[in-house]
Amino acid sequence: MAGAILGWIVTCNIMDMVRIGSDQPEYKVPELNTIPDNHEDQPVPGQALIESAAYHLPPLIYGAATLSRHYNTDHTLDSSTPFRAVRLALRYGIAAFDTSPYYGASEIILGQILLALRDQFPRSSYSLITKCGRYGARDFNYKPDTIRQSVLRSLARFGTDYLDVVYLHDIEFVSTPVRPQPSSGRHVEALTDQKLAADWGIADGHEGKIWGPGDQVVIDALAELRKMKDEGLIKAVGVSGYDLPTLLRLSLMFLHNTGKPIDILLSFSHYDLQNSTFAAYYPVLTHRAKIERVLTAGPFSMGLLTPNPPAWHPAPPKLVASVNRVRDWALTPNGWPDGLVNLALGWAMRREGAVMGGEGKDVPLVVGLSTPKEIHESMAVWREVMAVQAGTVDERAERRRAAEATAREMFTADGWADCSWDHLSQ
């Protein structure tokens with residue numbers, strides 16, 4: 001089967017987005033009667049995922065960047081694994097999918113799988129979240145016409161007449177750069193240090209300032225998305241990105257220049273075992289910038305906390321070394337029996353504390369998922385964490401908390417706890 005389903009990869013690198021207007025690759029779902037459907041493909045009975053009334057999304061969202069060579073091999077993409085993973089996710093109630101044209105063939109593969117499953121799971125049973133504006137490592141196009149063409153192409157790829165959410169993708173690369181040089185990476189300090197706040201453009205009085213032509217570009221792109229929302233093609237529009245101070249600045253700029261907030265915002269790699277800065281920014285984004293839905297993604301920090309981080313990961317060598325030290329410790333008898341990935345996933349799912357246990361208790365988590373095994377494991381961890389939050393205390397729960405605390409202490413000792421990398425310089 002290798003090459004038959006994704007034969008186009010011989011001449012097209014899936015890591016690169018297929019440009020708008022060019023020939024589109026085709027993906028064919030394997031014959032359904034050849035795809036296994038056994039006990040591994042059935043949900044394990046237990047606590048069910050319930051859609052949040054505030055977010056209209058389940059607690060866990062399927063991160064579909066995995067349906068590409070960003071995270072998987074041609075062999076995996078050619079197999080029945082993607083179909084089985086998506087089907088199992090839906091059976092569990094993971095009924096929302098986050099993707100992007102930037103994720104290679106992800107939209108195409110996911111779209112064809114969902115169409116093949118439409119008799120069991122009609123369009124109304126799940127949410128589709130995608131992005132626009134980024135089409136390659138250094139290929140950004142926020143022109144309104146391109147934004148529209150991108151959304152229309154996404155609609156066609158999914159065979160649907162509406163998208164639940166569309167983000168402007170990695171908006172910090174297109175907006176006018178407003179940031180300290182160099183940046184310490186400790187974004188939380190910008191919320192209390194007035195000089196840093198001014199350097200990031202988030203000081204009081206700067207809310208409506210348009211700092212340069214890049215800012216006007218993103219304002220115009222958002223306006224086009226809002227037109228498409230008015231046309232009924234999109235239900236909610238927003239932005240995604242990494243630098244939290246920049247996401248706050250732009251959210252304030254949109255609010256004060258257009259008279260209304262964005263509907264939704266996605267922050268990635270800022271609520272994980274190494275970096276918890278998202279918790280500090282959540283109340284500022286929801287109150288000061290008035291965003292009703294703020295999501296977090298990347299419990300493994302784009303693969304950094306996994307056994308095999310992708311070669312393209314922007315983390316600096318010293319942070320990678322710190323993660324390696326924590327990963328090695330997790331495998332020792334005094335670590336965590338299920339390894340760092342399991343430990344990190346549970347930490348990112350936990351909704352406790354003044355912010356995440358309060359106003360942020362319904363914040364969904366986007367998790368990259370590739371296989372049925374990963375989906376079963378993710379649901380098992382989620383149920384374990386939810387049981388603890390409901391009051392269940394046992395030896396494993398206490399050991400998990402102790403292991404989380406030790407991992408955090410190790411990152412702190414290395415100087416990397418709650419520290420963000422400078423990805424704009426990559």
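1. Let's start with Asp41, which sits in the segment before β1 (60-63). Keep in mind that this is a predicted model. Asp41 is buried, at a relative accessible area of 0%. Beyond its neighbours within four places in sequence, Asp41 touches Pro36, Arg84, Arg87, Leu88 and Arg91. Some of these turn up again in a salt-bridge network made of Asp37, Glu40, Asp41, Arg84, Arg87 and Arg91.

2. Next, strand β7 (residues 234-241): 7 of its 8 residues are buried. On one hand, β7 runs parallel to β6 (residues 163-168), with 5 bridges between them; Leu163 faces Ile234 of β7 there. β7 also pairs in the parallel sense with β8 (residues 264-268), over 4 bridges, and Val239 has Leu265 in β8 as its bridge partner.

3. Salt bridges number 30 in the structure. Take Glu224 and Arg148, with N to O at 2.6 Å. Glu224 belongs to helix α6 (residues 213-230) and Arg148 to helix α4 (residues 144-158), so this pair ties together parts 76 residues apart in sequence. Glu224 is buried, at 8% relative accessibility.

4. Arg179 and Asp243 also meet in a salt bridge, 3.2 Å from N to O. Arg179 is in the loop between β6 and α5 (194-200) and Asp243 in the loop between β7 and α7, so the link spans 64 residues in sequence. Arg179 is buried at 13%, and Asp243 is buried at 1%.

5. Finally, Lys361 and Asp362 form a salt bridge with their closest N and O atoms 3.4 Å apart. Lys361 is partly exposed at 48%, as is Asp362 at 30%.

Note on methods: Residues numbered from 1 in each chain as written. Predicted model: local features only at pLDDT ≥ 70, side-chain atom pairs only at ≥ 80, totals over all residues. Heavy atoms only, no water. Buried < 20%, exposed > 50% of the residue type's maximum accessible area, 1.4 Å probe, protein only. Helix = DSSP H or I, 4+ residues; strand = E, 2+ residues; numbered from the N terminus. Pairing = 2+ DSSP bridges. Contact = heavy atoms within 4.5 Å. Salt bridge = Lys/Arg side-chain N within 4 Å of Asp/Glu carboxyl O.
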